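I open my notebook and start with charges, then turn to rings.

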Amino acid sequence: MSSTADIAQALSSTLNPDPNVRITAELHLAELLNNPQSALSLSQLISVQDAEMSLRQSASIVLRKYVREHWSPFFSQFRGDAPPVEVKAQIRAAVFQGLSDPNRKIRSLCAHTLSTIANSDWPDEYPDLLTNLIQLLSSGSPASTHGAMEVFTEFVRADLTEDQILPVLRDLLPVLLNILGANEQHSPLTRSRTISVFRQCVEALFMVKGQHPQAVKEASASVLPVWLDAFKLLLNIDPRQDVSGENWDGLAIRLQIFRTLDTIHTSFPRVLAPYLPDYLTAALIHLQALYPTFSQYYLTDNGTVPDSSEGEPIELSKLAAPLIDFVSSVARGTKARAWFEQGNLAALVDVLVKWAQMTKENEEEWATDANLFVSQEDDETQAYSVRVAVFDLLASLLGNGPVATVSALQTAVQTVGAESLQARQAGNPEWWRPLEGVLAALGSQNEPILDSIDDEQDSGRPRPIDIEHLLSDVIPSLLTLSDYPFMQGRCLVFASRYAKLLPLEISGQYLDAAVQVIESPETGIPFKISAVKAIQHFCQGIDDSALKPVVPRIARDLGPFLFQTTEDTLSLVLETLSVVLEVDDSEWLTVDLARDLVLALLEVWTKNIKDPIFLSILTDLFSSIASSSTPGVYQVAVEQSLPKLAAAIGNVNPEESWIASSAIDLVSSLVEGAPESGIGDGFFAAVAPNLFSCLKVAEDRDVLQNGVSLLTLVVRKDVNQLLSWADANGQSGLENVLAVIAKLLRNQDESGGLVIGDLIIHLLRRAGDAVLPVLPGLLEAMLGRLRTAKTATFLQSLIIPFAFLIYNQRDVILDLVEAVQVDGRSGLDILLNAWCENAETFQGFWPTRISNLALCQLVLVQRPSLQALVVKGDIIVKPETRNVIMTRSRTKAVPLEFTSVRFPVKALKLLLHDLQTNGEAATMSAPGDLADVESDDGGSEWGDEEQQNQGFKEDEFAFLSDMIGVRGMSFDNDDVLNASDDEDLKNDPISQIDLRTHLVTFIKECAATNSSGFADLVGQLNVEETAVVQRVVQQS
């Protein structure tokens, strides 16, 4: 056994600056800790008051590591040698004692260690932990209270089970509330931690709401109002007193209150609703009262934020952001709409644009770090900050009250403009900052503001905001102020966001100014980046006719940036170049410019070959260049890129699979951009040897999927090149493709999904007679794999080719399928059972159509083997599963059972299901009124109009009703096609058929002629399906 002194000596040596001494000591300490008694000595050392603080802290850190590695198999890092039960109890007692240590750091370290122990020991081996912690909280000692609170912060979140939460909270919450109210006895930081623990209790309550609805409802109704009243009292205290002393500790309480209010608003909105006006008023007062402090410490750099009593500063932004987030969450609903309509909106918007200003820290960081500046300005990657929180709140306000909010913004603009002018005339160097902030706020909300302007004009009412005045009378003069690059940049970006309001001539002048900025060697990073961003917006907002003369110049100017930028800045340049190339479909591209761009883009690809975001943009760029109609551009793009890309595809090193995968992607983008005349002589021959060699050995999913997609594109664009090519061994291109298909069919990984089906479909459509000799073998291989396929997309990819073939050559294909035997099952049995089980999950416009059309063909078949084939019918509803959502666990306990029906009956059921859910017959199965079930979740957030339309306003609901049918689209909408439906399939005759009319006609003709015993089939339908048939037959 090692004494405390021995442990202390070993620990002291681990802190020695000499690496040899330190390493030897660490090894010795690890050896000592194999003895549980040494761990006990370690825990006792933590509380030795006369020991050096560094030694005590080190002991606590090492003990926590010991717990993870030696305490219990519960921990993933467990290495054995667990201490005996009695030693564990002694260690727990020593660590618990440390929660009351006079030193805050020791208390925190002990709290972390005890929380770790509790993960494995509570409640079975450590049943009195909660009682002891609550006693510690009630002790009245600030140190003990702090230590216990630190444990609860982790404990409530991680260790309480559903059944433990409610009993624990009944004992814990009153104690926490007493501490929160004892402002003379406990520090603001300790009191703030009670709110943090309370918030975790609220989250825990919400999590068990489904298991214990009545108990949670009673608990929330009794507990939450008490805390909400306490919060209201605390927020009514003037916040300025918390930033006027030697520290800002009091802000921590307000910070935790607003975070907790946001949580309650999400979890128990009905309880919070009566308090919302008071809390919103408090939030507004906080923003107004604390803004002068924000300005002094963050905007003008006239002070240093003081450290808290625990050493870390409490930033004002850490309060403002969650405060604004809470208001934003409330603004998205309707429960506090009256507060916003009672004159508070204008005051709120006025103070928000002040908090949106760029801070001194922002200015310093963004001026030197281009990537950081771009990430802050990008709509999709903005880092969380007060500025971003303001933008989000403005978006919420505009969503619920667009005209009123835009009018309030107009007032704010006028106020800020006048104040900025006065400050500038008075020589205030920070005059530009508020103006930049309000322009940033307006720019961030350009779409809803423009929509509001349009709506008011269309209704014959005046515009709620005068953006044109800013663009014509304010922005131009600010663009010349080279001493304020962020102001210049903001003006350019702002103008580009509202380009649609500008006359073409003025837009052109702004665009020319942006181009001059990126061409000028004197302009700094912020202005240049803003100019690039502005060009991107101008190219999206201005008519192509005005852009065409200048885009070649822009493309040439952006070229050098491809070599000079990285990360976010490079992404911005690439995205801007992509938008530029979309102008007039790149008809303005010259051969020389195309060559330069391709070479530059290949260099970008080489340097960023593993970055999927860059690859996504690069594929769009290559496709845009290749699709230019300028003679010679496609050819030069292929000449410059294909040799390098083909060589990269030949890299079959499995450790570097991303090289081949990305190269295949870029080749595919060239094929996508190829002219209608084909991909060009020699294209496939240049890439095929390395492509097929790669696909034969590749195991990487991305390589295989990208390779199959490339082959599919080649088949679609220029199948003759594939058919006429042969490898060095004399194998044809078609044989190589079939080898790839065979490999993928053997592969147990089904993630390839639809790509295999797409390749097979297009081979059947494009290759024609060339496929006939290998068709029987191909169908047999597909049926063999269909028998074991599991995932929906993979099953669809195997079934849809059969549907296509049956629709075109029904009897021939059925003969081939029926001749196949797989493990004693006929191919027809395998195909039709899989088809019937999965037809309702098929995705895509063309696949669902071809499936329905082929099923119509099969219903008419008189073939005995098909008529007698039995498949799964409807689900058998048992008493124990009626009106119950069948989760996976419930399905395992009570497996689903189905009726058995003949295939023609099931095929008719599937056709009627599509007609019923998508066509006019849908009215036959209206679900009736929904039960009006009262909910604690705040269903009353919807207004009367929204409640009548499932949460949508009437016009929104009507729009969605028109748009959405089964699988996310209306029944026969040719314009809303699945992304996987390529241009060939969109233009296919099958896509032009009026499917509803086709199905209605089919059912009418079958009923009139009793084709295939149609009356008998109808007799086996359920009541709802029979009603659909009757309605269809009765239609004139």
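Which residue forms a salt bridge with glutamate 468? I looked it up: the partner is arginine 463, with the closest N and O atoms 1.8 Å apart. I keep in mind that this is a predicted model.

I then checked how open the two residues are. Glutamate 468 is partly exposed, at a relative accessible area of 23%. Arginine 463 is also partly exposed, at 32%.

I searched the whole structure and got 36 salt bridges. As a general point, side chains of opposite charge can pair when their charged atoms come close.

Next I took arginine 433. Its side chain meets that of glutamate 430 in a salt bridge, 2.6 Å from N to O.

I moved on to aspartate 1016. It forms a salt bridge with arginine 902, and the closest N and O atoms are 3.3 Å apart. Where do the two partners lie? Aspartate 1016 is in helix α51 (residues 1014-1019), and arginine 902 is in strand β4 (residues 898-902). The pair therefore ties together parts that are 114 residues apart in sequence. Aspartate 1016 is partly exposed at 46%. Arginine 902 is partly exposed at 23%.

I also found a network of salt bridges. It links Arg104, Glu150, Arg193 and Glu310.

**Entry: a charged patch**

I looked at the surface. A patch of negative charge gathers Asp543, Asp544, Glu582, Asp585, Glu587, Asp620 and Glu672. I placed one of them: glutamate 582 lies in helix α30, residues 567-582.

**Entry: rings**

How many aromatic pairs does the structure hold? I noted 22. In one, the ring centres of tyrosine 275 and tyrosine 279 are 6.1 Å apart, and the planes are at 25°, so the pair is stacked. Tyrosine 275 is buried at 13% relative accessible area. Tyrosine 279 is buried at 1%.

I compared tryptophan 432 and tyrosine 484. Their ring centres are 6.4 Å apart and their planes are at 50°, so this pair is tilted. It links distant parts of the chain, 52 residues apart. Tryptophan 432 sits in helix α21 (residues 432-444), and tyrosine 484 sits in the loop between α23 and α24. Tryptophan 432 counts as buried at 4%. Tyrosine 484 is partly exposed at 22%.

Conventions. Residues are numbered from 1 along each chain as its sequence is written. This is a predicted model: local features need pLDDT of at least 70, side-chain atom pairs count only at pLDDT 80 or more; totals for chains, interfaces and linings use all residues. Side-chain values use heavy atoms; hydrogens and water are left out. Patches are made of residues with over 30% relative accessible area and no salt bridge: like charges are joined within 9 Å, nonpolar side chains (Val, Leu, Ile, Met, Phe, Trp, Tyr) within 5 Å. Accessible areas come from the Shrake-Rupley method with a 1.4 Å probe; for residues, only the protein chains shown count as cover. A salt bridge is a side-chain nitrogen of Lys or Arg within 4 Å of a carboxyl oxygen of Asp or Glu. Lys and Arg count as positive and Asp and Glu as negative; His and the chain ends are not counted. The place of a charge is taken as NZ of Lys, CZ of Arg, CG of Asp or CD of Glu. Helices (H or I, at least four residues) and strands (E, at least two) are DSSP runs, numbered from the N terminus. Buried means under 20% relative accessible area, exposed over 50%, partly exposed in between (1.4 Å probe, protein chains only). Rings of Phe, Tyr and Trp (its six-membered ring) pair if their centres lie within 6.5 Å; planes under 30 degrees apart count as stacked, over 60 as edge-to-face and the rest as tilted.
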